[in-house]
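I opened the notebook to go through this model one item at a time. Each entry records what I looked up.

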Amino acid sequence: MKTSKYLKFAAFCTALLAFATPSKAQLFPHTYINVDWQMGVPLSTSFADKASGWGMNFEGGYFVTPAITVGPFISYQTNLESIDRQTLDLGDGSILTTNQEHALYQLPFGVTARYNWMTKRVFQPYVGMKLGACYAEMSSYYYVVKQYSDSWGFYMSPEIGASIFPNPDYRMGIHMALYYSFATNQSDVLIYSVNNINNFGVRIGISF
Amino acid sequence: MVKTLRYLAYALLAVAFSACQKEPSTSDLDNDYLVYTDYDTSVDFAAFETYFIPDSILIIGSNYEAEYWKDDSAQQLIAAVTAQMDNAGYTQVADKAAADLGIQMSYVEKVTYFVGYNNPYWWWYYPYYWAPGYWGDWLGWHYPYSVYYGYTAGSLLVEMVNLDAQAGENKKLPVVWDSFIGGLLTSNSQVNLQRTIDGIDQAFEQTPIW
């Protein structure tokens, strides 16, 4: 997937810069960058709604004021679920009996804004909101077949979190956040439908 | 502390680079067979009374000549279909010219061939399949519904043709019910045979027309 390659390349370049300049107090002036592992669970979705840690979040922001940051974000998440053997009436005379593996993949990206407190302290909490688009792929794997449908939707995600910088002068620390997300994606596979995707999750990562 | 954070950063980046879209493990999908059936919803299956079934199963393989499977295992599979048809209230006849329905069974031995087709005439292009002329004076096949098959090694096809349909040089023989049973191959031939019989039973059980 091309998006994945660009994402990894961007993250890799960012990491090289971060590790190559350990003496700088901040990689880019008046900015922050987060790279997070993400664990999420879809809510009110009867398709692949098991909690999963197959997710990452990448975001950065510019301090437009001492407390407010604005910047881009992109994240991805896959949730999986095993479905026992069952008989599905596909309509118009078609009937299928099989076991399945379900996968729900989400790739939201857009703009993130934060209000930050205590930006000179070790513990720096914030509240944030992400707005953007969400690409989602809903897949059923059965027999030797992958049947899927993809969709686009509007995405919004409020979150609360904090960055912890052991040495505030050296801006390299830990990031933690709780988030809720809502996307307007709609798609169908076999007899299954997804109408809006809600998630609740946790992010833990690094901040610099 | 900074050193620890740097190790954490390396670990996160390793995770990020390892996968974007996670594919599920499909190894468990091999543990069971798949049954797909389809039928013509406009046909009154109660109007049929008799059926004819050949004493062999066509093998779809890599040979250029048609091969037929006739041994004891094949007879057990044919018997499983016969039992289900009898249970459905149809009567087997020895003369195909006198039958209302014809049953043709095919086993995919080697080839892998996927079909997802809305054109009901696609059989014209598949070699060494059951010939429409076997059943009578028809030219080609006709599926009154969309056909979606996955032809992989170890699959069984069971199809029911309407022998009461109008025949003629330009007429096509309608397939009014079909089933595809996949995932039948294991290293144990007895397991394979039992799976196939179970698949046949499931194909009839899940079809609500009899």
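**Entry 1: a strand residue in chain A.** I started with A:Asn196, which I found in strand S8 of chain A, residues 192–207. This is a predicted model, so I read every value below as computed.

I then listed the contacts of A:Asn196, leaving out residues up to four places away in sequence. A:Phe182, A:Ala183 and A:Thr184 came up. I also checked A:Met172, which sits 24 residues from A:Asn196 along the chain. The C-alpha atoms of A:Asn196 and A:Met172 are 37 Å apart.

**Entry 2: chain A as a whole.** I looked up the secondary structure and got one helix and eight strands. In sequence order I read α-β-β-β-β-β-β-β-β. Chain A has 208 residues, and 39% of them are buried. I took the contacts between residues at least 6 apart in sequence; 59% of these join residues at least 24 apart.

**Entry 3: helix H2 of chain B.** I moved to H2(B), residues 72–87. The helix has 16 residues and spans 22 Å from first C-alpha to last. That is close to the 22 Å expected at 1.5 Å a residue.

Which residues of H2(B) are buried? I noted B:Leu77, B:Ile78, B:Ala80, B:Val81 and B:Met85. They lie on the same side of H2(B), because they cover an arc of only 145° around the axis. On the other side I found B:Asp72, B:Asp86 and B:Asn87 exposed.

What covers the buried residues of H2(B)? In chain B, the cover includes strands S2 (50–52), S3 (57–60), S5 (91–92), S6 (101–108) and S10 (155–162). Helix H3 (189–205) of chain B is also included. Just past the end of H2(B), I checked B:Gly89 and read a positive phi of about 100°.

**Entry 4: confidence.** I looked up the scores last. Chain B averages a pLDDT of 82, and 78% of its residues score at least 70. Where in chain B does pLDDT stay under 50? I noted residues 120–125. The model has 12 contacts beyond four places in sequence for that stretch. For the model I logged ipTM 0.83 and pTM 0.81.

Terms used. Residues are numbered from 1 along each chain as its sequence is written. Chains are lettered from A and ligands numbered from 1 in the order in which they are written. This is a predicted model: local features need pLDDT of at least 70, side-chain atom pairs count only at pLDDT 80 or more; totals for chains, interfaces and linings use all residues. Helices (H or I, at least four residues) and strands (E, at least two) are DSSP runs, numbered from the N terminus. A residue is buried if 20 or more other C-beta atoms lie within 10 Å of its own, exposed if 12 or fewer, and partly exposed in between; C-beta atoms are placed from the backbone. Two residues are in contact if their C-beta atoms, placed from the backbone, lie within 7 Å. pLDDT is the predictor's confidence in each residue, from 0 to 100. The expected span of a helix is 1.5 Å times one less than its number of residues. The arc is that of the directions from the helix axis to the C-beta atoms.
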